[in-house]
Amino acid sequence: MDSTISVSKGVFVFKNGATKAKTRRQPQKCRSIPNRAITDTVWYGSYRKMWTKIRDQLEQLQSCSYGKILDDLLKFVEGCYRSLEYEGVLPTAALLTGINQIDHMAQFETLAGNIRNNTLSLVVLLQSRDCPSMKAAVETLVAGFVEESRTSEQDDSDSRRLRRNQLNLGVLRAWYLEKHQHLDEKPNLTVIVPDFEVFSPEVLQDLLLVLNSYAAELPFVLVFGVATSVATIHSVLPYHVTSKIKLSIFQSEPSVANLNKVLESVLLTPYCPFHLSGNMFKLLTDIFLFYDFSVKGFVEGFKYALLEHFCRGPIYALCSATSDRDELEEIVDQLSAADLESIRQLQSFRPLIESLNNPQEVIDFLTKDDYLRRMLPSILIDVHNFWFNFHCAMEMLLVLVHDLPKAPLGKQLRELYCHCISSDVTQTDEFRQCMQMVSFMSKEELLAKTLKVMEVCIGYVDRNDEASDQGVTIFEVQTLEKIINDLERFSTEIAAASMERVTVISSDANLISSPKMSRQELNQKLLSAARQPKTESPFMQSVSNLVSYLTHDVFRKHLRPSSKTTPLIELFVFSDSATIRQHMVGVPRAAVHTALNNPHYYLQCECCEMDEDGSLVQTLPDLSVAYKLHLECGRMINLFDWLQAFRTVVDEAGPDDDQEQQVDPKIQARFTRAVAELQFLGFIKSSKRKTDHVARLTW
């Protein structure tokens, strides 16, 4: 047996005087999962192009979102020692980031870089993993300041390096005074703690007290990254510690607001042609709202759905956002005859054929590949225009209904998107209820709503003009321009309409007031007067016309469900929520059962191959053998019988008759370890009723 092989863990000492390896193995480059056969395909090129565009927009949005709060923090760090209010205390900023932001650490790394570049400060990121004790925290703190100053000065003449155990705050004070005592304006020492909740409370309390004792000579500035609330700071730090700091609060956007901004600015726009179905979108939002509040997790789920959509085949490359017709034609030319036949098999291709009146055109669509190649760019451009009008109409509807009582269709764009993408929203009771409440609004409220709806349309037209200048997809805006003109006409009519109702005096009115009339005649006169049509005021007539126009000519026309009437719409919508749920929402018990019952499913090794799932093979892992044997038992399992069955399976030679009662110690040790692992996984537990039995916990 080799001297460094042991059943248990151990430390092996070699007294040959060697302390380091003579040669260090060069790390091998990590190979990416996709090979050339995948990266050269047309669908992967379209996927990479679209995801790169989405990622750049998300990064730009993230930098803009954190811009204001970064500016405020920079002003705090730069000006905290210019006033007397921080005398005797440590200036401390608490940045409330919210839980599971897009990238928590990246946010604080960006903050550290901005403080270095824009203020006269030395910055150290003090993470909890580097500070298990007070000594380690001080060493990390001092080493960070000294090394950063050495790097910034780029001075290699001073070759003296302090050992780790020589780093303390006294050394930091001497170094700081030596380097910066002669300067008129001395730099601050900024300490950023990005994970305040994870930091050891005892270490943090001692560190703050020690830093406060050096505050008269070293200008420390603290920045705490708090993911929950300010109450966490007061629960972790007692009064005798909080009295040594002066706290300033900086609030970043909560996760829900961050998600809404990501959806409204990047993902739910006509410039992102890839769309999620109602069930798929609801799955991602439910995971976000009920599990983790992670915007990064939502974006990663969207990215996975995007990749799953494109890898279905080359025809899904047509979903890519294009800047002109030439790019579409270039993608179409790369499609094979089998790909074109797959397009003909799409469910939405049949309504397109049925809408054609020319029989020869129908034959050309179904039989001639060249003709279909020529027509595909025009069809795809129509789909892009459909999504452009769809998103504009959806935002117009959101302006009308987001502040209605009880918000039947929701207050956010993501809630309304689920309604519009799943079914015809104009046929729902919630939509009828919203339109009825809109018709009950006052003149001022209705005019303000109409103006906001017009601003939405004008904004889409202006953004299309800006996009055309940048070389992005150009949409047709004639429909929106017509809607703007119609809304302007309706708003003019409503503003000029009178609120007074026109009354028509009937001849039966005098007869009803006649004293010479029986009760039966009076009843008949009242019924006839009730049947006469009620007259509306000009204002109510104008409001009714506006609501009817929005319902029939705007929303019902442009908010159609994605599964109807639009050719090739399947190329732009991903609806396989079951596949995404399987990969994103884990089922631990089912996965553990599959791994133990059929190890070949995960290991993909020849030794674990089985003809049937219930069969037992000698080469299976011991844990898998013990698990399969325990499935054959009842509520109580006899350990001796279980051991004998395990021995029968794993013993290569097989038990002899003379040694039936004697078990090989190695096999017994393997069985004991397998039983302990099953107990750790929660399948069995020890029994107090019978000492030689264990109780089964799962069925």
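The side chains of D364 and K368 meet in a salt bridge, with 3.4 Å from N to O, where a salt bridge is a side-chain nitrogen of Lys or Arg within 4 Å of a carboxyl oxygen of Asp or Glu. D364 counts as buried at 11% relative accessibility, whereas K368 counts as partly exposed at 45%; buried means under 20% relative accessible area, exposed over 50%, and partly exposed in between, with a 1.4 Å probe and protein chains only. Salt bridges that share partners also join K482, D486, R489 and E493 into one network.

The model is predicted, so local features need pLDDT of at least 70 and side-chain atom pairs count only at pLDDT 80 or more, while totals for chains, interfaces and linings use all residues. Residues are numbered from 1 along each chain as its sequence is written, and side-chain values use heavy atoms, with hydrogens and water left out.

| Salt bridge | N to O distance |
|---|---|
| D56 and R55 | 4.0 Å |
| R350 and E354 | 2.9 Å |
| D364 and K368 | 3.4 Å |

R350 and E354 are four residues apart in helix α15 (residues 349–354), and are therefore separated by about one helical turn; helices (H or I, at least four residues) and strands (E, at least two) are DSSP runs, numbered from the N terminus. R350 counts as exposed at 60% relative accessibility, and E354 counts as exposed at 55%. In the pair of D56 and R55, D56 is partly exposed with a relative accessible area of 38%, and R55 is partly exposed with 36%.

For the chain as a whole, the secondary structure comes to 30 helices and 10 strands, and 44% of the 699 residues count as buried. Among contacts (heavy atoms within 4.5 Å) between residues at least 6 apart in sequence, 75% join residues at least 24 apart.

Three strands form an open antiparallel sheet in the order β8-β10-β9, two strands being paired if DSSP finds at least two bridges between them. The edge strands, each pairing on one side only, are β8 (636–638) and β9 (684–686). β9 pairs with β10 (residues 693–696) in the antiparallel sense over three bridges, and the bridge partner of I684 in β10 is R696.
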